[in-house]
Amino acid sequence: MSNALVVQLNMLLAALILLTSFALLVQRRIFAILHIFAWQGFFLGLSTAIIGYATGVHHLYVSSLLTLGMKVVLLPYILYKLIHKLKIHREIESMINTPATMMVGIALVIFSYHLTAPIRQLSSLMTRSTLALALATVMLGLLMMVTRRHAVSQIMGFLAMENGLFFAATSATYGMPMVVELGVALDLLIAAFIFGIFFFHINTTFDSLDVEQMAKLKETD
Amino acid sequence: MHPFAIELLQLLMLLGLAPAFAGWVKVVKCRLQGRTSPGILQPYRDIGRLFVKDVVLAENASWIFRFTPYLAFGVTVLAGGIIPLISVDLPLAATADIIALVMLFAIIRFFTALAGMDIGTAFGGMGASREMMISSLAEPAMLMAVFTVSLASSSTSLTHMVTVMAHNPLMIRPSLAFALIAFIMIALAETGRIPVDNPATHLELTMIHEAMILEYSGRYLALIEWAGMMKLMLFFSLGIAAFCPWGIAAGGDPPDLALGVAAFIFKLMLGGVIMVLIETGLAKMRIFRVSEYLGSAFLLATLGMIAFFILE
Amino acid sequence: MTLVILLWISILLAVALAFIGDWRYAPEVNILGSALTFAASVVLALKVYQGGAFSAGGNFFFVDPFNVYLVVLTTFVSTTTSIFSRRYMRIERSHGRVGHWRMRFYHAMFQLFIFAMLMALLTNNFGVLWISMELATLATVLLVSLYRTPNAIEAAWKYFILCGVGIAQALFGTVLLYFAAERVLGEGGNALLWTNLSQVSGQLEPTVLRLAFVFLMVGYGTKVGLVPMHNWLPDAHSEGPTPISAVLSGLLLNVALYALVRCKSLVDGSTGTHLAGNMMMGFGLLSLLVASFSLLRQKDIKRLFAYSSIEHMGIATFAFGLGGPIATFGGMLHMLVHSLTKSAVFFSVGHASQMHGTQEMARIRGLIRGNPAVGWGLLLGVMALSGMPPFGLFASEFLILTATIKDRPLLTPLLLIGLAVAFAALFRRVQPMVAGLIPPWQKPITAANIPVFLHMSLVLMLGLYLPVFLSHWFQMAVGLLK
């Protein structure tokens, strides 16, 4: 593959990752969210592998496999099983004002672009332009966690944010040192374990995974 | 060939091919759904029959009602003179750019809506209000999508855009991919196809475009139908010109022109098949969901524009 | 070597306690293990005291006076907390609030949490620091929801989500830091090592580091509990078991602040300005003011002290942001005495709420008459927390105030207002709880008095007289952070 083609492919994948972030942001059906998340992981893994191939930084292959294994297969599978077990696969989340959320999302993308401008100027890596989209993915995940009222969607926002961080590391520096990436993956695994337990607790305690009901702890006057 | 001759040829092609294209879409759709098709020439027969029929006018119809079909037809033909179909050497194209083109379509819609309300029937008003809602959402998205393309060629002139696009080396451009998806979504809405509107139905609850023109008959209806077919074809031509203009002639050489015509017809037929696939795959959505649908189109178009700045 | 032992004890203990956590003597095992860690950390500290900073494990670990004092503090407080938790958790077990599995889980996670904090303190690598901070969060999330009440689950979920969001920002900051470091130090794991970074901080690209610090500040600041990212803190403290509140307040916040201070010294070294310091001062002051005014409206006793933690972390953040030898010294002393005092107060609070079966302050009365040790412990603790003279917090707050008057005189009134409001708010709430007659619903309990006594006497001692080795030690650390 020529370098120009790699850059273009990487850009396309970056754009697709951003697109999946937006899709996550506005999707209501739980299973669809899960599918979109798996796609995002797939694009991410592919992009990492392509960069690894083009730059000869071989530990990126390991990261790519890790991403594909965890974010495309393992985590969606665990969530799928959980959702079935909790019998919430038909739940559709009510959302308020999707267009406004999208507008905020677009504003966040532009904001990320401006924020990463100094890095774009300094960097000479072929992936430098995708850093803005990586930060945007982080921000959109954050937005999703803030706007969603369903525990599963909040977790998906969290995981999308993690995807964005991983993507940022690949775009800015061709990946963090191996020990850090492995550690982050381990943390993610533990986090997956914990939110799995949480889903059960919330579901049995509140009879639903809608976290809107969890609003007791407020400042009392 | 002289540029004006090309222009004339293009207009004749538009006028002549538009019903055939509508017929082609119907044929493919029938095939796909396992029905026998009325044949590719059916739209010609429909228009011809309408032209010989008498016009029935409501008593309180004003000049707007009678004027609108001519306006719609004329403006559509004018728009057809701007979009390069077979060659970029178009004298008329210099008079208007892509923004003017969007505005031309807006004029048609405005007068059709007025005419829909003119008689004062319930259906006409309902159709007009729905059409206005859709167009108010679709127009900004449409502009956003074409702006993305014009960013890539740094011009809003259609012929210039086409030249740049046709001669650039092939590369993957996420911005154009986004803009294309947005464009397809908007085009489906603007030409009244599934999932926004269903051109084949007169079901009172769901129709939009058909509701506005329910009171027309005879030659008026023929003109409006014909203009509608041309509009459908023009949206395809616009898509082809903006996103895959390869094969279009650069000047007036007859062999180039012949290639341009062949390429155009081939792409048009292919586009028709794609549209039928989309239409068959989707169900018509409730009118309240249309705002979300067009909002997504706007989002995509904006993302395309952002992706252009960030990535390219 | 000591270092490896130090870390292995807690991780092995975590595994062992996962199996025997509900055994009769499990709390004793927990105490013994924590005490061993404490002993190892003292040995480590002595080594640093004599030989100065060193790195170990192929540059993976790094020990200098700044982090080793926090290591000693962490292991000390974890030891006393495990002593406290022995009585406390037995009472909870006999009341049936936790069962067999949850006891095992509690003990294992307690040690895992200690391990994560020690790892965060001792590692040389900014990436591993982040991982350990995240691990510490994850270990405590399920401890907060240990009681499985709707409130506890809500608090833990909030904690999980908010800290997840926050810590993600810190990771992005770390990526940016790595980006800047890689340009100077070359690719590979070495570029994230503190020992390397601190040497080349002047060459790091200032624009990138400035951006990185904004993310690091928001990220680690969430864990420190700085306003406006503090929402999780009062909930997590009030709904979890009290020993966990004690270690969250006394230790986890410190470790997060430690991470922030390390980042700050890098960033200010690179930009040559006082930008990072100013940001920390701003967040610190805001936390102090917001928290002290929030103290006025609290009804739940653990929430009250959770807000007091925000207030004190605000003061310490402010001090580190101010910089300079006196303020940094004050900040370090403040972290130390606040940890000791706050965990002691939480021990008393835990027993007080067990005696009354509620955390509502309006129903907690007559503590001194009912159980003098608990009552006096709470009263003395609150006196110390509000900065009354003979205690250590007075000394540290005095130092910070002096440095403020000298460097930023205009900020002094704000600082004083915050301190005064906090003082008034705490006393207004605590005085009726400790004084008065025993209410009929109060039940006698056997309290664990040793930890409170130990902590309070240390705090008293640090207020009256700072041992030479400690001040020398702090001065070494101050020298490092310049």
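Reply: Gladly! Leu176(C) lies in helix α6 (residues 150-185) of chain C; helices (H or I, at least four residues) and strands (E, at least two) are DSSP runs, numbered from the N terminus. This is a predicted model, in which local features need pLDDT of at least 70 and side-chain atom pairs count only at pLDDT 80 or more, while totals for chains, interfaces and linings use all residues. Residues are numbered from 1 along each chain as its sequence is written, and chains are lettered from A and ligands numbered from 1 in the order in which they are written.

Me: Is Leu176(C) buried or exposed?

Reply: A residue is buried if 20 or more other C-beta atoms lie within 10 Å of its own, exposed if 12 or fewer, and partly exposed in between, with C-beta atoms placed from the backbone. Leu176(C) has 29 C-beta neighbours inside 10 Å, so Leu176(C) counts as buried.

Me: Which residues is Leu176(C) in contact with, leaving aside its neighbours within four places in sequence?

Reply: Two residues are in contact if their C-beta atoms, placed from the backbone, lie within 7 Å. With those neighbours set aside, Leu176(C) touches Val208(C), Leu211(C), Ala212(C) and Phe215(C), and also Ala172(A).

Me: That last one belongs to chain A. How many residues of chain A and chain C are in contact?

Reply: On chain A there are 40 residues, in contact with 38 residues of chain C. On the chain A side, α5 (117-122), α6 (131-147), α7 (151-173) and α8 (178-206) each supply at least two residues, and α8(A) gives the most, with 14 residues. That side divides into 29 nonpolar, six polar and five charged residues. Here Ala, Val, Leu, Ile, Met, Phe, Trp, Tyr, Cys and Pro count as nonpolar, Asp, Glu, Lys and Arg as charged, and the others, Gly among them, as polar.

Me: Which pair of chains has the most contacts, and what about chains B and C?

Reply: Of the two pairs of chains that touch, A and C have the most contacts. No contact joins chain B and chain C, and their closest C-alpha atoms lie 19 Å apart.

Me: Now for helix packing. What describes two packed helices?

Reply: Two packed helices are described by the angle between their axes and the distance between the axes. Axes are lines fitted to C-alpha atoms, for helices over the stretch in contact, and angles run from 0 to 180 degrees between N-to-C directions. In chain C, helix α5 (residues 126-144) and helix α10 (residues 242-271) pack at an angle of about 165°, with their axes 11 Å apart. Angles under 35 degrees count as roughly parallel, over 145 as roughly antiparallel, 65 to 115 as roughly perpendicular and the rest as oblique. α5(C) and α10(C) are therefore roughly antiparallel. By class, their contact has eleven nonpolar, one polar and no charged residues.

Me: At what angle do α3(C) and α4(C) pack?

Reply: Helix α3 (residues 65-94) of chain C packs against α4(C) at about 170°, with the axes 10 Å apart, and the two are therefore roughly antiparallel. Their contact divides into ten nonpolar, three polar and one charged residue.

Me: And what span should helix α1 of chain C have?

Reply: The expected span is 1.5 Å times one less than the number of residues. The 19 residues of α1(C) (residues 2-20) should therefore span 27 Å, and the end C-alpha atoms are 26 Å apart, which agrees. Among the buried residues of α1(C) are Leu3(C), Ile9(C) and Leu17(C).
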